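Subject: Structure for you to look at

Hello,

Here is the structure I promised to hand over. My notes follow below it.

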Amino acid sequence: QVQLVESGGGLVRPGGSLRLSCAASRIIVRIYPMGWFRQTPGKQRELVARISSGGGINYADSVKGRFTISRDNAKNTMYLQMNSLKPEDTAVYYCNSGGMAGTWGQGTQVTVSS
């Protein structure tokens with residue numbers, strides 16, 4: 001079965017950076033739509049960034065200019081580079097393949113706090 005494994009979360013101060021990784025098995029990230037979502041307690045999971053099979057990229061307005069989604073086809077891994085982090089970016093971040101009804105990783109906690 002398809003597996004997505006996130007890593008790279010942690011505690012960072014406001015203005016800092018983190019890079020999340022999503023290692024995929026049994027799918028090829030180059031040809032599947034992939035994305036990053038995040039969720040905070042009591043709120044719905046929201047889209048952060050996504051990359052289509054054709055390479056088209058979309059970002060949530062709240063992260064435009066600060067976050068960058070990318071993929072390394074050789075490593076079959078997707079990334080989310082997060083810069084200029086804000087306390088409101090604090091959430092559990094999930095890797096996804098195939099949209100809301102698709103496959104999810106286990107999530108990785110990102111905490112932005114001084």
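**Salt bridges**

Aspartate 89 and arginine 66 are both buried (under 20% relative accessible area; exposed is over 50%, partly exposed in between; 1.4 Å probe, protein chains only). Their side chains meet in a salt bridge, 2.8 Å from N to O. By salt bridge I mean a side-chain nitrogen of Lys or Arg within 4 Å of a carboxyl oxygen of Asp or Glu. Aspartate 89 sits in the loop between S8 and S9, and arginine 66 in the loop between strand S6 (57-59) and S7, so the pair ties together parts that are 23 residues apart in sequence. Strands are DSSP runs of E, at least two residues, and helices are runs of H or I, at least four; both are numbered from the N terminus.

A note on the source: this is a predicted model, where local features need pLDDT of at least 70 and side-chain atom pairs count only at pLDDT 80 or more, while totals for chains, interfaces and linings use all residues. Residues are numbered from 1 along each chain as its sequence is written, and side-chain values use heavy atoms, with hydrogens and water left out.

Aspartate 89 has a relative accessible area of 1%. Which other residue does aspartate 89 form a salt bridge with? That is arginine 38, with the closest N and O atoms 3.0 Å apart. Arginine 38 lies in strand S4 and aspartate 89 in the S8-S9 loop, so this pair ties together parts that are 51 residues apart in sequence. Arginine 38 is buried, at 6% relative accessibility.

Arginine 38 also meets glutamate 46 in a salt bridge, at 2.7 Å from N to O. Glutamate 46 is partly exposed, at 38%. Put together, Arg38, Glu46, Arg66 and Asp89 are linked in a network of salt bridges. The count for the model comes to four salt bridges.

**Backbone**

Asparagine 76 is at about 50°. It lies in the loop between strand S7 (67-72) and strand S8 (77-82), and is buried at 17%. Serine 84 is also at about 50°. Its place is the loop between S8 and strand S9 (91-97), and it is partly exposed at 40%.

**Surface**

Ile28, Ile31 and Tyr32 form a nonpolar patch on the surface, with about 260 Å² of accessible area together. Isoleucine 31 lies in the loop between strand S3 (18-25) and strand S4 (34-39). At 44% relative accessibility, isoleucine 31 is partly exposed. Patch residues have over 30% relative accessible area and no salt bridge; like charges are joined within 9 Å, nonpolar side chains (Val, Leu, Ile, Met, Phe, Trp, Tyr) within 5 Å. Areas come from the Shrake-Rupley method with a 1.4 Å probe; for residues, only the protein chains shown count as cover.

Best wishes
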